[in-house]
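Hi,

Here is the structure I said I would pass on. Have a look at it first, and then read my notes below.

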Amino acid sequence: MYEKVYHGFLLLCMIVIAVLIILCLLRAILGPRLGDRIVSINMIGTMTIVEIAMLALYMRESYLYDVCLIYAMISFLAVVVLTKIYEGAYREKKQRGELLIKETDERKEDEDE
């Protein structure tokens, strides 16, 4: 009897996390800023790891734990790479903004003379 309740609870938790993954996917697509998208991708990776772990419990297959660990490493590396790309784009945008400010200041100085 307890086993049926346990499997039902695991199934319910997997369905709830699947719905949350879909909501995070929507945030990744519709996010107003790039930072929101990176955080939602990180959340999707974390929830997928939990989903695989619960599936391993549900199916009683120990090899899925290895898959879970490998996916955790890949997810971590993906977020680090995305953050580096975002940082580079942010610095480039900031430098362009500083150059525009300098050019505007130089034009004002030339007009004043």
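I started with Thr-48, which is buried, with a relative accessible area of 19%. The cut-off for buried is under 20%, so Thr-48 at 19% makes it into that class. Bear in mind that this is a predicted model.

Thr-48 belongs to helix α2. A polar atom of its side chain lies 2.7 Å from the backbone oxygen of Ile-44. If you set aside the neighbours within four places in sequence, Thr-48 is in contact with Ile-21 and Tyr-71.

Two of those names, Ile-21 and Ile-44, come back in the largest nonpolar core.

On to α1 itself. This helix has 29 residues and reaches 42 Å from its first C-alpha to its last, close to the 42 Å expected at 1.5 Å a residue. Which of its residues are buried? They are His-7, Leu-10, Met-14, Ile-17, Ile-21, Cys-24 and Ala-28. The spacing is worth a look: an α-helix has 3.6 residues a turn, so residues three or four places apart point the same way. What covers the buried residues of α1 includes α2.

Now the charged pairs. How many salt bridges are there? The count comes to 3, and here they are:

- Arg-60 and Glu-3: their side chains meet at 3.4 Å, N to O. Arg-60 sits in the loop between α2 (34-59) and α3 (63-112), while Glu-3 is in helix α1 (residues 2-30), so this pair ties together parts that are 57 residues apart in sequence. Arg-60 counts as exposed at 57% relative accessibility, whereas Glu-3 is partly exposed at 45%.

- Arg-33 and Asp-36: the closest N and O atoms are 3.6 Å apart. Arg-33 is exposed, at 55% relative accessibility, and Asp-36 is partly exposed, at 23%.

- Arg-91 and Glu-87: here the closest N and O atoms are 2.9 Å apart. Both residues lie in helix α3, 4 residues apart, about one turn of the helix. Arg-91 is exposed at 52% relative accessibility, and Glu-87 is partly exposed with a relative accessible area of 31%.

If you want an order for going through it, I would begin with Thr-48 and its contacts to Ile-21 and Tyr-71, then follow the buried residues along α1, and finish with the bridge between Arg-60 and Glu-3.

Cheers

Technical notes:
Residues are numbered from 1 along each chain as its sequence is written. This is a predicted model: local features need pLDDT of at least 70, side-chain atom pairs count only at pLDDT 80 or more; totals for chains, interfaces and linings use all residues. Side-chain values use heavy atoms; hydrogens and water are left out. A salt bridge is a side-chain nitrogen of Lys or Arg within 4 Å of a carboxyl oxygen of Asp or Glu. Helices (H or I, at least four residues) and strands (E, at least two) are DSSP runs, numbered from the N terminus. Buried means under 20% relative accessible area, exposed over 50%, partly exposed in between (1.4 Å probe, protein chains only). A polar contact is a pair of N or O atoms within 3.5 Å; within protein, one must be able to donate a hydrogen and the other to accept it, and residues adjacent in sequence count only if both atoms are side-chain atoms. Contact means heavy atoms within 4.5 Å. A nonpolar core is a set of buried Ala, Val, Leu, Ile, Met, Phe, Trp, Tyr and Cys residues joined through side-chain atoms within 4.5 Å. The expected span of a helix is 1.5 Å times one less than its number of residues.
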